[in-house]
Amino acid sequence: MGLFDFFGKKKKEDADAAELLKAIVQFQVEARADGVDTDDIPKAYGPFGLCKTNPIPTRSVAGSNAYLESLRTKDGRRVTANRMGSTSAEDVTSGMIDIYQLSADGQPAATIYVCPYHKRNSAKAPDGFYLA
């Protein structure tokens, strides 16, 4: 292998990484095909954010993290969110729904459901919470 062969390999790795990134972005766009641009999902039912049939719509996992960071208990305490897994509600949304256990000051506060395959983050909070 010559000195300049390294540069050819690096270009191939960069091209492969760019293709992978393109595929990820395309998946996210397709996953949002039925995504909403509203604070709640029109087909949803049950208490907002507190059941899988009425998940909180957010834009991407990063959007979910930002939403969770701004969530506060009614008395103003910050919450800690621990992702417990995922579920689905195909009659409501085609994207997977993440399940989070919330706690405040080390005490369990609620279990909430978040769907990160929508066009924006909801500006609505579940009962017992508000967004800072």
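## Helices and strands

The protein contains two helices and six strands, where helices (H or I, at least four residues) and strands (E, at least two) are DSSP runs numbered from the N terminus. In sequence order the pattern is α-β-α-β-β-β-β-β.

This is a predicted model, in which local features need pLDDT of at least 70, side-chain atom pairs count only at pLDDT 80 or more, and totals for chains, interfaces and linings use all residues. Residues are numbered from 1 along each chain as its sequence is written, and side-chain values use heavy atoms, with hydrogens and water left out.

## Surface and contacts overall

Of the 132 residues in the protein, 36% are buried. Buried means under 20% relative accessible area, exposed means over 50%, and partly exposed lies in between, with a 1.4 Å probe and protein chains only. The accessible surface is about 8,000 Å², and carbon and sulfur atoms account for 55% of it; these areas come from the Shrake-Rupley method with a 1.4 Å probe, and for residues only the protein chains shown count as cover.

A contact means heavy atoms within 4.5 Å. Among the contacts in the protein with a separation of 6 or more, 57% join residues 24 or more positions apart.

## Nonpolar cores

A nonpolar core is a set of buried Ala, Val, Leu, Ile, Met, Phe, Trp, Tyr and Cys residues joined through side-chain atoms within 4.5 Å. The largest one has twelve residues: Phe48, Ile56, Tyr67, Leu68, Leu71, Val79, Tyr100, Leu102, Ala110, Ile112, Val114 and Phe129. Helix H2 (60–70), strand S4 (93–104) and strand S5 each contribute at least two residues to this core. Strand S5 gives the most, with three residues. Apart from this core lies another, of nine residues, including Val36, Ala44, Ile97 and Ile99.

Val79 touches Leu68, Leu71, Thr73, Leu102, Ser103 and Phe129, not counting residues up to four places away in sequence. Tyr100 is located in strand S4 and is buried, at 6% relative accessibility. Leaving aside neighbours within four places in sequence, Tyr100 is in contact with Ser64, Leu68, Ala81, Asn82, Arg83, Met84, Ala110, Thr111, Ile112 and Val114. The C-alpha atoms of Tyr100 and Tyr113 are 6.3 Å apart, while the two residues are 13 residues apart in sequence.

## Salt bridges

The structure holds seven salt bridges, each being a side-chain nitrogen of Lys or Arg within 4 Å of a carboxyl oxygen of Asp or Glu. One of them joins Asp37 and Arg120, whose closest N and O atoms are 3.1 Å apart. Asp37 lies in the loop between helix H1 (5–31) and strand S1 (56–57), and Arg120 in the loop between strand S5 (107–115) and strand S6 (129–131), so this pair ties together parts that are 83 residues apart in sequence. Arg120 is partly exposed, with a relative accessible area of 28%.

Another salt bridge links Asp75 to Arg77, with 3.1 Å between the closest N and O atoms. Asp75 is exposed at 57% relative accessibility, whereas Arg77 is partly exposed at 31%. Through shared partners, salt bridges also join Asp37, Asp39 and Arg120 into one network. Glu69 forms a salt bridge with Arg78, again with closest N and O atoms 3.1 Å apart, and both Glu69 and Arg78 are exposed.

## Aromatic rings

A search of the whole structure finds zero aromatic pairs.

Lys124 lies over the face of Phe48, at 4.7 Å from the ring centre. A charge sits over a ring if NZ of Lys or CZ of Arg is within 6 Å of the ring centre and within 35 degrees of the ring normal.

## Individual residues

Asn54 lies in the loop between H1 and S1 and is buried, with a relative accessible area of 8%. Apart from neighbours within four places in sequence, Asn54 is in contact with Ala44, Tyr45, Gly46, Pro47, Phe48 and Gly49.

Ser60 has a positive phi of about 80 degrees although it is not a glycine. Ser60 belongs to helix H2 and is buried, at 17% relative accessibility. Asp105, also a residue other than glycine, has a positive phi near 55 degrees. Asp105 lies in the loop between S4 and S5 and is exposed, at 61% relative accessibility.

Conventions: Phe/Tyr/Trp six-rings, centres within 6.5 Å; stacked < 30°, edge-to-face > 60°.
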